[in-house]
Amino acid sequence: MASSDKTPDQMPPGDGSLPPGKGMTITQSMVDKGAEMMQSFKPIKQMSQHVCSFACYSHDMSRQIETHHYVSRLNNDFLQCAVYDSDHPNARLIGVEYIISGRILETLLPEEQKLWHSHAHEITSGLWTNPRVPEMINSGELQDLVNTYGKFWCTWQTDRGDRLPLGAPALMMSPQEAELGIIKIDLLKNRDDKYRMSTDALKKSRASLKMPESMNRMADYWKHAGKGFAIDIKEAQIKTTAPFP
């Protein structure tokens, strides 16, 4: 079954706000606190930015979600993000996004490039924002990000009421000016009200950002092909020999 095709037939009990399960015990809390004091969490501590934006399902662009990316930078051309459905302490981890520069994307095969989406419109339109961070601090970073591309896999479709991460992951696309990629007004208003910000004001303040001279022709594949991608899970024969001498 492609997880993107339909809501799963059987769902665990609960209202969907939290995964099903019993509350934490005192012992579990003590173990967690002790581990927190003794372990380093080095990869997590490299997360240096919180980005709030929006995403659309590749197979159904009418399904749009607010996303919260916690970003770590491995080098100037590559970032990786843990994506949550909110910025609350009990936020659900719904996926992962990898971000690469346009220069790196051009080195990939066309079939791979189809899976990536551009960030230029998302940033210049004010949809991409670092909550509570002044724009003047972000201006240089935003200019660099205009010429980047992302591959975002959603592993937990909370917007359709999934109470657990069910089925196969779904490929996500970025907002665009094209009709199917325009973010719904109510989603935008809820985000703006929550952070006491104005997306329109952000857009105006970013008018000086320079757009890339050219965009990758295979990225944002749905815009020119009119098709998205859905993932199917199928049984496969387990390999019993290594594919090397």
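I began with Arg 206, which is buried at a relative accessible area of 2% (buried means under 20%, exposed over 50%, partly exposed in between, with a 1.4 Å probe and protein chains only). I note that this is a predicted model, in which local features need pLDDT of at least 70 and side-chain atom pairs count only at pLDDT 80 or more, while totals for chains, interfaces and linings use all residues. Residues are numbered from 1 along each chain as its sequence is written, and side-chain values use heavy atoms, with hydrogens and water left out.

**Arg 206, continued.** I placed Arg 206 in the loop between H8 and helix H9 (221-225), where helices (H or I, at least four residues) and strands (E, at least two) are DSSP runs numbered from the N terminus. I found that its side chain reaches the backbone oxygen of Ile 123 at 2.8 Å, a polar contact being a pair of N or O atoms within 3.5 Å, of which, within protein, one must be able to donate a hydrogen and the other to accept it, and residues adjacent in sequence count only if both atoms are side-chain atoms. I also looked up Ser 139, which is 67 residues away along the chain, and its C-alpha atom is 8.1 Å from that of Arg 206.

**Ile 123 and the cores.** Setting aside neighbours within four places in sequence, I listed Trp 128, Leu 142, Leu 145, Val 146, Arg 206 and Leu 209 as in contact with Ile 123 (contact means heavy atoms within 4.5 Å). Ile 123 is also among the residues with the most contacts inside the largest nonpolar core, which has 22 residues; such a core is a set of buried Ala, Val, Leu, Ile, Met, Phe, Trp, Tyr and Cys residues joined through side-chain atoms within 4.5 Å. A second, separate core of 17 residues includes Met 61, Leu 105, Trp 116 and Leu 187.

**His 50 and His 68.** I then turned to strand E1, where His 50 lies, and to strand E2, where His 68 is found. His 50 counts as buried because its relative accessibility is 17%, and His 68 counts as buried because its value is 0%. The side chains of His 50 and His 68 make a polar contact at 2.9 Å, and the side chain of His 68 makes another with the side chain of Glu 66 at 2.7 Å.

Among the lining residues closest to its centre are His 121, Glu 177 and Lys 203. I worked on a 1 Å grid over the protein atoms alone, where a cavity is a set of points where a 1.4 Å probe fits but cannot get out, a pocket is an open set with protein on both sides within 12 Å along at least five of seven lines, and lining residues have an atom within 4 Å of a point. My search of the whole structure gave one cavity of 30 Å³ or more, and the largest cavity holds about 40 Å³. E1 and E2 are the elements that give two or more residues to its lining, which includes Phe 54, His 69, Glu 122 and Phe 152.

Methods:
Grid points are joined across faces, edges and corners, and a volume is the space filled by probe spheres set on the points.
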